[in-house]
Structures are given as structure tokens and as C-alpha cells.
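Thanks, everyone. I'll keep this short and go through the model piece by piece. Please have the structure open as I talk.

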Amino acid sequence: MAQKALGAEVAVRSAPYFPRQKKRISSRSIGIIVFLSICALFFCIPLYVVVITSFKTMEQIRQGAMFSLPSVWTLEAWDHAWNSACSGINCNGLKVGFWNSVQILFPSLILSIAISMITGYALALWNVRWAGGFLFLLFICAFVPFQIIMFPLISMTAAIKVYGNIWGVAIVHAVLAMPVLTLIFRNYYKDIPQEIMNAAVMDSGSFWKIFTEIILPMSGNILIVVLIMQITSIWNDYLIGVTFGGMGSQPMTVNLANLITISTGTTRYNDNMAAALQTAIPPLVIYFFVGKLFVQGITAGAIKG
Amino acid sequence: MPQVSFEHITKTYGQVPVLKDLNLAINDGDFLVLLGPSGCGKTTLLNLLAGLLDVTDGRIMIGDRDVTDVDPKDRGLAMVFQSYALYPTKTVYGNLKFGLSASKLPKDEVERRIAWAAKLLQIEPLLDRKPAHLSGGQRQRVAIGRALVKNVGVFLFDEPLSNLDAKLRTEMRLEIKKLHDTLHHTIVYVTHDQIEAMTMATKIAVMNGGVIQQFGTPDEIYEQPANLFVAGFIGSPAMNLRRVTLSVANGKTEAVFASGVRFELSDYRFMTPPQDGTTVTLGLRPEHFLVGAGTAADSAATFEVPVQYAERTGPDASAYFVLENDLLALRVEPAVAAGLKPGQLVPVHYLKGKAHLFDAQTGQRM
Amino acid sequence: MAFRWSRWSPQLALVPAVAVTAVAFVGAIGWTIYLSLTRSRRLPEYEIDWSEPLRQYTRLFADDAWAISLKNLIILGLGSALAIVFGFILAAMMDKEKRGESLFRTVFLYPLAVSLIVTGTAWRWLFNPELGVEHALHSIGLTWINFSWLATGETAMYGVILASVWQSSGFYMALMLAGLKSINSEIWSAARLDGVSLFRLYTEIIIPMMKFTFVTCAILLSLGVIKAYDVIVAMTNGGPGQSTFVPAYFTIQALSAKGNLGFASAAAVMMLVITAVIFLPLVMLTAWQQRRTGRAAH
């Protein structure tokens, strides 16, 4: 028996040896990579142009070579956009809008996430008889165009004296995000095993205690995803900011839009590009650091159903 | 004084009735097993007792308290769930502690109880771990511990062993039995596993279709099944059930098979006098057969039947014979099973005094 | 039945959300619909002239700018649909070739992270008639290329479409990639064993299998197109003339610039109607899917 096995091994060893060819990238793979690279280039062109333009002087821009690198790298435009660019009649730069955006961001985040988290938790894990109907209503609300509720919201915010200030913008952000976020949280909480809820109901029975001690610690993942999604969408918003912001509390995007649509005097393209970059940097930083969560967020926001 | 009682319980989901006018009472210290196939209403009944579901009609008493409208946490119950339902973000210690969150106990009492339960269940070294880092058996112990610390009179178990492998299941079965023997809590335990029911229970309620089919001790359930459902559900291999005709003549009661075999029933304790010529169902337990010649003296009947096949299941063996175009299951000695050849005609005897008779119409025991 | 606090606390916790939904959504929609029937101009008037309740709608459909808006909505929708096609091609390629997947994914998705105002600013600059891409192309001799699309009404919408496709292709790529990854890998092996050509595999097997993903993408795209506002503001501000008006822009323009509340409300109601027309199939699709999976489970 042992001899036989040995014999077999010898036979295998003495079999003709074909060295396996070193694995080559197939021509199809090369084709795909080349195609994808060209597409990637197309995606990068606007960013490249914006970046180099923001470092150019106006003299060089006027010469017209859009794609060439700055002959003199200067931060003049960045400084100008940040400190003295005009938005309407105020010429204090984008820093005003930046700080407004920051001030809008935090109350918006806290309000929108708090209300939708609690609502999602109550709808998913507690026995609410009309939960199904309410969810359907929220689902519809998530798709309603802003214009149809715009004037009533202006009147309502004016009535509670928040129209035209940061709180108005923050509250409207929270209101508009509520349906989508509630559905996201509700779908996430729906996957928590019913038995855990049963155990918690028997152990404590308190709605809030179960939320803070059991459910909230289990929400880490979805909370981060929603947080990223909300930060970018609040930061990038223009319509709510321009409608509810009033003169002194407009977010950065509104400043930027005012700057680029200005029709008097000569347009300083390098200032515009620097301003655009300054507006884009916060969400881009988030994107490049936690891109995967960002993608999860936008797809969760898109496919709520 | 009954510790837990269900009085006229009705539960409907929408229009679908799950339980209808159900009555059940168990004593303090009883280990009640609710046994039945899936969908029989046993888990619904347990959840009604726990307060996780609301009754449609009826009353639930624990001690002399009507708890029908009491919050789950205030009913004085503890529950162990099928999936253990441990809080994933809390340590074992945190899990046990949260179990006490409704009771507002002083801190040192909480510590004392956790230490006591941890010691009892031998989970002291695990107190700082999260559930994800525990084995199935350890999770089970923690789940039981979380129930124990509450120091309540009534424990509910919802199929707690069904997620464990066979070996662990046997171990935990003994463990739960031991806990009951030392602590004397009242336990309501839901399972579909008849072995668990037979080994642990002091009382079994066999349920089917939302109705309690029989309520009694494990021995009563096994020895005196109240109806065809219980007879068929308890026992493995299942009881052999055959249509026969009663013959009452010359002071002798017999069951006559279609093939003409006569089955002696003179020692059967009828609840109502048997009527000659009625069709009934005869139940024969597989383990009450004897195979081979020479034991005819204590047998109620002897069948001459061909072997279909024999199979060995570890220490036991089952043999299947053909009787009137249907399989007849027998428990046999492994040595005997080894000697059986398919097709071979073998004399098979059934022991006297071990037969079960059921009304062919109602399915009730006669 | 006895009062049980545990039963009321979840309902109590829902009060804010229900109030917001009832007031800010349902109530507000009703308010706007009501306003669309009145003669409100700068300030709301709450009297309905019953002899002519739909006068704002009559005016709306007689309005040239609204007609342009509707036409542009369709153009933008059809044009932006390229983003789905493009997204699918990118996803299919990335699904077949794992090398560099995360790099490509990062590049294709970054436009989504920035504000549409920023996107618009960048493209507005690229389309600049004197100093933009056209100038760069002309200076290397490609003088026959016309790339200052935003300068004329006939081509301005195409500029908006290009920017939209650039911005959203990555999003559809991500959805498509998720759809492709959920396809059982054995299908690829089976197709290879059967010797099916890649083209036929995609057209006859893969794309039909992904029809739900495609429908989802199409609906999301349509809803996005209706909401398109920021990109118009940043790129063209509706111009030249009114050539890049879309309903979202038209409505806000009517409200804030013209101060014509009843008229703007009528336009907003029409936007809601268009959304509903797109939204209805989505609801039906979801219901149908639920029924199907429900049946499969039984």
C-alpha cells in the first residue's frame, strides 16, 4: 500500500512539467482600464481647472490658456474670496457665509437627527397602531417638491419670528429632512430582533430608558452614515438658505452664487474659483476621508422604500 | 392556591382566532411545559402571560393579582428568550444589571444579586465580556442569569434550547431542571420538543389549534393520552393507530382487525361500557411489542407480519412491519433488529394492558 | 382598560413628527393649493372668485415661460438619462475589472459631494465664451468646435445637461454597481461555460435581471430633474432670456422676483402633479414587489 502511494508520487513527479505562464493582464482588462481612466480624466477636468484658476492672477487668465498651470502661484484670489468678495452689497468675503453655514449646520443636525431618530424608533419598535399609514405619509412627503410648501413655510417661520435668521434655516432643514431620515432610521431599527425589544420591555418598560441604554448604543453605524449625509446636504444646500436666510444669515453657497452671478464690473474668475473651492472643501474633506460611509448615506437616502 | 391561572382567555389577530376560551391553572412551584407543534398558540399564550401581547378577552392571574392590564415589567415575571435577546452593546454585567432597571433597588442589593446569579450559573469570569464574545451555551447562561437576578416567582422560557447543539441542549436541560429543583420557582416553558417536556416538566399542557388537548403530569400524558392528537404527538416513533371494530361477546371484549386478527381488551378500563360492533381507533406503542415466538401467554394479540426494514438509532433500534398495507413501527433490541430480513414473516406480540382506544368520531380516549 | 403609561409614551414621542407632517407638509400643501385658486399677488388673499377659480392655471398655461419650462424639463430629463446609461457602463466595467476599483469609484463619485452651486460655478467657467474651453480648443487650431453653449438659448440647456450628467453619473454608477454585485456570481460562470458572448449576456440576461435597479434609477432621476434649481441658478440664472427656465426655477421666480403668489402657487401645484405622475408608478412598483416577495415567502 505504502509502496503503491510512493509509486504514484514518483509518477506525478516524472510527469512532463509545463511551467505555468506568468499571469498577464488580458487585453480586455487593459481596454477597460484605459476607458475608465479616460472617463476619470473627464471627471477630473473641472476640478483641475478650478484649482489652477484659483491660483492664477487675472492677467494670466485674460491670456486665455485655461489648462496651463499658473505662471505665478498666488494666494491672492483665495485671500480676496475669503475676506473681501462681494455678496450683494456686503463685501466681507465668503468667511461671513462660512460662519453662517457652520452656525446653521449644528442646530440643523441636532434637530433633524433627534426628531427623526426618536420617530423612527417609536415607529419601528413600539406598537403604534397607525404606524403603517404614517410611514406611507412620510414616504410621500419625502418626495414632495419644496416649492409647494415654500410660501406656507415662509409665513410660518415669519409667524414664529425665525424667518431671516439662522434658526429659520435650521428649522426648515430639520423639517425637510425629517421624512427621509425617519424612514432611514425606521428601516434600520426594524432589523433589531423583536426579542431584544421584548426583553427590554420586560426588564425596564420605559420608552426613553430603552432608547438611551439599548437602542442608541446600537445605532452607531447608521448614526454616522446619516450624520455624513446630513452634513453634506445641509452644507451644500442653496435653496433653503437663500429663501430663509435673510440678509445677514445666508450660508456660504448663497454668497458664492451671489458672487458668480454678479453682473456689474469685471468678473474676477480667480476669485470665483477660489470661492467655489472654499465652499467645496468641507464636504470634499469628509468625502475623501469617509467616502464609503458617504456612498452608503446617499444610497440609503435614495432608496428609502 | 394557584400561582398562575388563565381564565377564559381569547386572543384573536384581526379576525383570526388563535386562542379561544382557554383555561389553565398551575400551582406554585410547578414546572409547566406548553408543548405543541408550531402555530399551536403556545408562544402566544406565553406572550400573553408576559404581557407582550394583550388578551382579547379573559383574565390572567398571578397569585391573587389580576395582571391582565399590568405592564410587563410590573407583572413579577422574568423571561428567557429563544434567541437569548442579550443586549449586544452591554457587557454580561450590564445585561444582568439592566434586568433590574425597573426594580429601583439599592446599589449594593443589585451587586449582591448579580454576584449570586453569576456564581450560581458559573459566569463570573464572563462578566466583562460582550455577548458577541460568548459561546451559545454561555449566552444561554447569561440569559437565564438576567432572569434570575430579578428574584421573581415566575419564570418564562420560550424555546430556550432550540438554538443549541444536541450535546449542549442535554446539558442545559439538566441545568434548568437543577435550578428548578433548588429554587422552586414557578416555570412556564414553551417547547415543541417532547423530550424536553417529558424530562423537565412537572405538568405538561399539550396544545394544538389554540386548544389545550391535555393537561397533566408527564406520566399521565404518556400513559393515558386523552385523545388521538396527544397519542400521536407524544412518543418516538409515534404510536401506531389502527381502525378496528369492537366485539363484545361472552364477557370478552376484543378488537377485531380487518385482517381478522383479534386483540384482547378485557383488561382495558373503559370510561363508558363498550358497544359491540362500533368502529374505534386502537393505539399501540412501538415499545410494547415483543418480537418472536414463545411469549404468547401475556400478549393481547399476535400478528404474523412481514418485515419491511429495520434501522438502528444508536442504543435503540426500530423495526417496521407491514400490517394491512400500512407500516407498523416497533421498538426492538438492536440484536433482534440485526436478525430481521426484509420480507421475512415474523410473529409479533403486543403486551396486555398497554392498549389505547379512541373514539373513531371524536378522537377522545374511551 | 386601565391607563398604561408605557402605551402612551411612544405615541407621545411621535407628537413632534406628526405635528411637523400635519402642519409643514399636509397643511402647507393644502394652503398652497388654496392660494392657487385665489387672486393673491404680493400678499395672500383668501377670497376665491368662484366664477373663475382656475384663472391662475389658465394664465399659467398661457404663459410662454411656463411652456419653455415644461419643454426644458423634458429635454433635461431625456438628456440627464445619459447619466444612467453612462453610470451603467462605468459600473459594468468596474464590476469586471477589480483593479483600481476604489480609485475610480472615488473619482466618479466626488462631484456628488459638492454643492450644485459649486458644480455650476465650475462649468460656467469652462463654458466661458471668451476664456473657456472653446478658447483653448480654438487656440490649438480646432476652430470649428463650438463650446460656448451657455451663450445661446439653443444650446444652453445642453450645457446644463452636461454638468448634470457629470455631477450625477457617479451616483447611478454606485446604484448600478450595488445591483450588479447582487447578481449571483454563478451566472457569470454558467455563461462562460455556455460560451455566451459578453454582449448577449448583458443584453439578454444581466440588464433584464436589473430592471428594478433601472426603474429605481429612472424614477430618482425624474424626481431630481423636477427639483433642478441650484444648477440653473449657478450656470445660467434662467438665461439667456428665459431659455433655461425649468418649472422649479419658474415657480421661485414667480414668487420672489415677480411677487405673484397665486400664480406661483398654481405653478407649484403643477410641479406636485408632475411629481405625483412619476411617483405613482414607484408606489405601485413597491407594492407589487412587496406582494411578490410576500407570496414567495408563503
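Predicted model: local features only at pLDDT ≥ 70, side-chain atom pairs only at ≥ 80, totals over all residues.

Take Thr251(C). It sits in helix 13 of chain C, residues 247-257. Is Thr251(C) buried or exposed? Its relative accessible area is 4%, so Thr251(C) is buried. What does Thr251(C) touch, leaving out residues up to four places away in sequence? In chain C, the list is Ala264(C), Ala267(C), Ala268(C) and Met271(C). From chain A, Gln147(A) is in contact with Thr251(C) too.

In chain A, look at helix 11, residues 220-236. It has 17 residues, and at 1.5 Å a residue they should span 24 Å. The end C-alpha atoms are 24 Å apart, so the two values agree. Several of its residues are buried, including Ile222(A), Val225(A), Val226(A), Ile228(A) and Met229(A).

In chain C, helix 11 covers residues 211-227. This helix has 17 residues and reaches 24 Å from its first C-alpha to its last. That is close to the 24 Å expected at 1.5 Å a residue. Its buried residues include Phe212(C), Cys217(C), Ile219(C), Leu220(C), Leu221(C) and Leu223(C). As a reminder, an α-helix has 3.6 residues a turn, so residues three or four places apart point the same way.

The overview first. Chain B has nine helices and 20 strands. Its C-alpha trace spans about 75 × 45 × 35 Å along the principal axes. Of its 366 residues, 52% count as buried. Take the contacts between residues at least 6 apart in sequence: 67% of them join residues at least 24 apart.

How is chain B divided? The assignment gives domain 1, residues 2-233, and domain 2, residues 240-359. Their C-alpha centres lie 39 Å apart. Eight residues from domain 1 of chain B and seven from domain 2 of chain B make the contact. About 680 Å² is buried between these two domains, and carbon and sulfur atoms give 55% of that area.

Next, a sheet in chain B. What is its strand order? It runs 13-12-11-14-20, an open sheet of five strands with antiparallel pairing. Strand 13, residues 262-264, and strand 20, residues 356-359, are the edges, and each pairs on one side only. Neighbouring strands here are turned by 40 degrees against each other on average, direction ignored. Zoom in on one pair. Strand 14, residues 279-284, is joined to strand 20 of chain B by four bridges, and the two run antiparallel. Val280(B) stands opposite Asp359(B) in strand 20.

Now the backbone details. Most residues other than glycine have a negative phi, and most peptide bonds are trans. Chain B has some exceptions.

Start with the peptide bond from Ser236(B) to Pro237(B): it is cis, with omega near -5 degrees. Pro237(B) lies in the loop between helix 8 (228-233) and strand 11 (240-249) of chain B.

Then two positive phi values. Tyr84(B) has phi near 70 degrees, in the loop between strand 6 (77-80) and helix 2 (92-98) of chain B. His184(B) has phi near 55 degrees, in the loop between helix 5 (166-183) and strand 8 (186-191) of chain B. Which is buried, and which is exposed? Tyr84(B) is at 6% relative accessibility, so it counts as buried. His184(B) has a relative accessible area of 54%, which makes it exposed.

Last stop, Gly292(B). It is in the loop between strand 15 (289-291) and strand 16 (299-313) of chain B. At 18% relative accessible area, Gly292(B) is buried. It touches Val346(B), Pro347(B) and His349(B), not counting residues up to four places away in sequence. Lys341(B) is 49 residues from Gly292(B) in sequence and 13 Å away in space, C-alpha to C-alpha.

That's my tour.

Terms used. Residues numbered from 1 in each chain as written. Chains lettered and ligands numbered in written order. Heavy atoms only, no water. Buried < 20%, exposed > 50% of the residue type's maximum accessible area, 1.4 Å probe, protein only. Pairing = 2+ DSSP bridges. Axes fitted to C-alpha atoms, helices over the stretch in contact; angles between N-to-C directions. Expected span 1.5 Å × (residues − 1). Domains from an automatic or database assignment. Contact = heavy atoms within 4.5 Å. Buried area = accessible area lost by both parts, 1.4 Å probe.
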